[in-house]
Structure formats: C-alpha cells, structure tokens
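Reader: Hi! I'm new to this one, could you walk me through it?
Author: Happy to, let's bring it up.

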Amino acid sequence: MIIGYARVSTLLQNTDLQIDALTQAGCQKIFTDKISGAVAARPELSKLKDMLRPGDTLTVWRLDRLGRSLKDLIEWMIFLEEHNIALKSLQEAIDTSTATGRLVFHIFASMAEFEKNLIKERTMAGLSAARARGRKGGRPPKVSPEKKELAIRLYNEKQHTVDKICTMIGITKPTLYSYIKQKERA
C-alpha cells in the first residue's frame, strides 16, 4: 500500500498542495498534521507509523515534512528498513526501494541538516550584532512602567480582586504575577 504523509507547521497554512501531489503519486491513504516539524509527538504521523506494514511505501512531498533533523530522518530510515518499508520523497525524487535512492536520501538529509544549521548560525549572528548595537529583541512591553507599578501597588493594597486589577490595567493574571515576582526579586 502507498501511504502518504503531509504536514504544515501552522494552522494558517494548508496541506492542499501536498495532498494533491500525494494523491497523484497513487497514495491510497493520506495522513496530515498541522504542527511544527520540531515537535516530536505528531498524532497523525504516529497513526501512520502504526499502520505501515512490510512492502508498503511511505510517500512524502518533501523530506522535511517527515523530519526536521538528520537524526529524525535517519531514525525513520532505520525503522523503515527494519520493517521492509520503502520511502518516496516526491520533490527530491528519492525512492529508497533502490540502492541509489538510499544513497541520495542520505545525501539530501545531510544537506537539509546543513542548511538548517546555517540558518540557525546566521540568525544567532544577526541577533548578536543587533545586541552589540544596543537593540533588544523580543516583544515590546505591553504596559508602561507607570502602569506596571500601579498594578503592583493595587495588588499589594488588597482592595481589588486580581481579575479587577487585570481588567483595569489591561493585562492577564500571569502577567500581573510576573510583575510581582520581578518586583520581589529587585
């Protein structure tokens, strides 16, 4: 049986392109996840793994849909080889039912890992350069320092409920408690 797997990283993305390609490739069953590839526990991928039988072919649109790291992809290859299951990647034109396909798979997996590491290194270098220029990353504070102090003062006066304070200041409970902890540490 030819079984397909499609994945997108966010709920805002859709799997239509992948599903169309997998259907055209002859997949009789297609599993889809809307979750980051970095997340190890992917519900539909787990169901797919349980369904695979010797002689089946697992088909993906691209290798990075199956695993985001070389380690993940190699673990999948070991599992598939142990269970006599082939892997096809449509975009990379890999078919591990052949010796050449297995070689190409390992080369592409290494290149994908290399590319991911380069992106990570460039991102970290960019963040370091920005910090050296005095820029801070992250989200800007939701409230002004004055409002933050007001929230802490109102909390300590114990004349208003936590819900009321949060509504007045426009923050959530976890944010209020975070402000209080920061003040205690200071």
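Author: A term to begin with: two strands pair if DSSP finds at least two bridges between them. One thing to keep in mind is that this is a predicted model.

Reader: Good to know. So what stands opposite Val 8 in β2?
Author: Val 8 faces Lys 34 in β2. Ala 6 also has an opposite residue in β2, namely Thr 32.

Reader: And how many bridges join β1 to β2?
Author: Six bridges link strand β1 (residues 2-8) with strand β2 (residues 29-34), and the two strands run parallel.

Reader: In what order do the strands of the sheet come?
Author: The order is β2-β1-β3-β4-β5, five strands in an open sheet with mixed pairing. At the edges are β2 and β5 (94-95), each with a single partner strand, so one side of each has no neighbour in the sheet.

Reader: Nice. Where does helix α1 lie?
Author: Helix α1 lies across β1, β2 and β3 (57-60), and runs at about 170° to β1. Together with β1 and β2, helix α1 (residues 16-24) makes a β-α-β unit, and that unit is right-handed.

Reader: Switching to helix pairs: at what angle do α4 and α5 cross?
Author: Roughly 160°, with the axes of α4 (residues 70-82) and α5 (residues 99-132) coming within 9 Å. That makes the two helices roughly antiparallel, since angles over 145 degrees count that way. Their crossing is right-handed.

Reader: Which residues make that contact?
Author: From α4 there are Leu 70, Leu 73, Met 77 and Glu 81, and from α5 there are Arg 102, Phe 105, Ala 109, Ser 110 and Glu 113. Sorted by class, the contact of α4 with α5 has five nonpolar, one polar and three charged residues.

Reader: What about α6 and α7, how far apart are their axes?
Author: The axes are 10 Å apart, and α6 (residues 145-157) packs against α7 (residues 162-169) at an angle of about 165°. These helices are therefore roughly antiparallel to each other, and α6 passes α7 in a right-handed crossing.

Reader: Which residues meet there?
Author: On the α6 side you'll find Lys 147, Leu 150, Ala 151, Leu 154 and Tyr 155, which meet Val 162, Ile 165, Met 168 and Ile 169 in α7. By class, the contact of α6 with α7 has eight nonpolar, no polar and one charged residues.

Reader: Last one: are α7 and α8 roughly parallel or roughly perpendicular?
Author: The axes of α7 and α8 (residues 173-185) come within 9 Å and cross at roughly 95°. That makes α7 roughly perpendicular to α8. Val 162, Asp 163, Ile 165 and Cys 166 of α7 make the contact with Lys 173, Leu 176 and Tyr 177 of α8.

Reader: And how many charged residues does that contact have?
Author: Two charged residues, alongside five nonpolar and no polar ones, in the contact of α7 with α8.

Definitions and conventions. Residues numbered from 1 in each chain as written. Predicted model: local features only at pLDDT ≥ 70, side-chain atom pairs only at ≥ 80, totals over all residues. Heavy atoms only, no water. Axes fitted to C-alpha atoms, helices over the stretch in contact; angles between N-to-C directions. Helix = DSSP H or I, 4+ residues; strand = E, 2+ residues; numbered from the N terminus. Parallel < 35°, antiparallel > 145°, perpendicular 65-115°, else oblique. Left-handed = near helix turned anticlockwise from the far one by under 90°. Contact = heavy atoms within 4.5 Å. Nonpolar A, V, L, I, M, F, W, Y, C, P; charged D, E, K, R; others polar. Right-handed = clockwise from strand over helix to strand, strands pointing away.
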